[in-house]
Amino acid sequence: MRADLNTLSKLKDEAQTERDAIEKKLTAQNFELKNKMSTFKMTADQSIKAKADEVVKLNAIATELQAKLVQETKLRDMELVKMEDSLRAKSAQVEQLARDAQLQEKTINEKTSL
């Protein structure tokens, strides 16, 4: 019976030793996984920040381009208005010259018929 108790005690000690080894291994693996998760999270956070910064820069560029487009559109519209005004003035000059030419022709015709 004493031998049985010694055998049981020995088996219990071996089981405890094995349990301690497994627990130590699991603790090490848990620590390693936590480190990997922390590294992954930091990398993800850095990537997210970099993308967010890129979005901010792209939004700034888009805003700048939009402002330039508005400015160029206004300039083009002003230029078109100037061209329209110039064309109206030239059309008026052409009409006046045509009237003057008709008047001169009429005057010449009247002088030659006398």
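This is a predicted model: local features need pLDDT of at least 70, side-chain atom pairs count only at pLDDT 80 or more; totals for chains, interfaces and linings use all residues.
How accessible is Glu32, and does that make it exposed or partly exposed? Glu32 has a relative accessibility of 44%, so it counts as partly exposed.

View 1. The secondary structure comes to one helix and zero strands. With a radius of gyration of 48 Å, well over the 13 Å that the globule rule gives for 114 residues, the chain is more spread out than a compact globule. Its C-alpha trace spans about 165 × 15 × 10 Å along the principal axes. Of the 114 residues, 0% count as buried.

View 2. Leu8 sits in helix H1, which covers residues 2-113. The relative accessible area of Leu8 is 55%, so this residue is exposed.

View 3. Side chains of opposite charge can pair when their charged atoms come close. Across the whole structure, a search finds seven salt bridges. One of them joins Glu32 to Lys36, with 3.4 Å between the closest N and O atoms. Both partners belong to helix H1 and are four residues apart, about one turn of the helix. Glu32 is partly exposed, whereas Lys36 is exposed, at 52% relative accessible area.

**View 4. Lys49 reaches Asp53.** In this salt bridge the closest N and O atoms of Lys49 and Asp53 are 3.1 Å apart. Because Lys49 and Asp53 are four residues apart in helix H1, about one helical turn separates them. Lys49 is exposed, with a relative accessible area of 52%, while Asp53 is partly exposed at 34%.

**View 5. Lys51 pairs with Glu54.** Our last stop is a salt bridge between Lys51 and Glu54, whose closest N and O atoms lie 3.7 Å apart. These two residues of helix H1 are three residues apart, again about one turn of the helix. Lys51 has a relative accessible area of 52% and is therefore exposed. Glu54, at 39% relative accessibility, counts as partly exposed.

Conventions: Residues are numbered from 1 along each chain as its sequence is written. Side-chain values use heavy atoms; hydrogens and water are left out. Buried means under 20% relative accessible area, exposed over 50%, partly exposed in between (1.4 Å probe, protein chains only). The radius of gyration is taken over C-alpha atoms; the globule rule is 2.2 Å times the number of residues to the power 0.38. A salt bridge is a side-chain nitrogen of Lys or Arg within 4 Å of a carboxyl oxygen of Asp or Glu.
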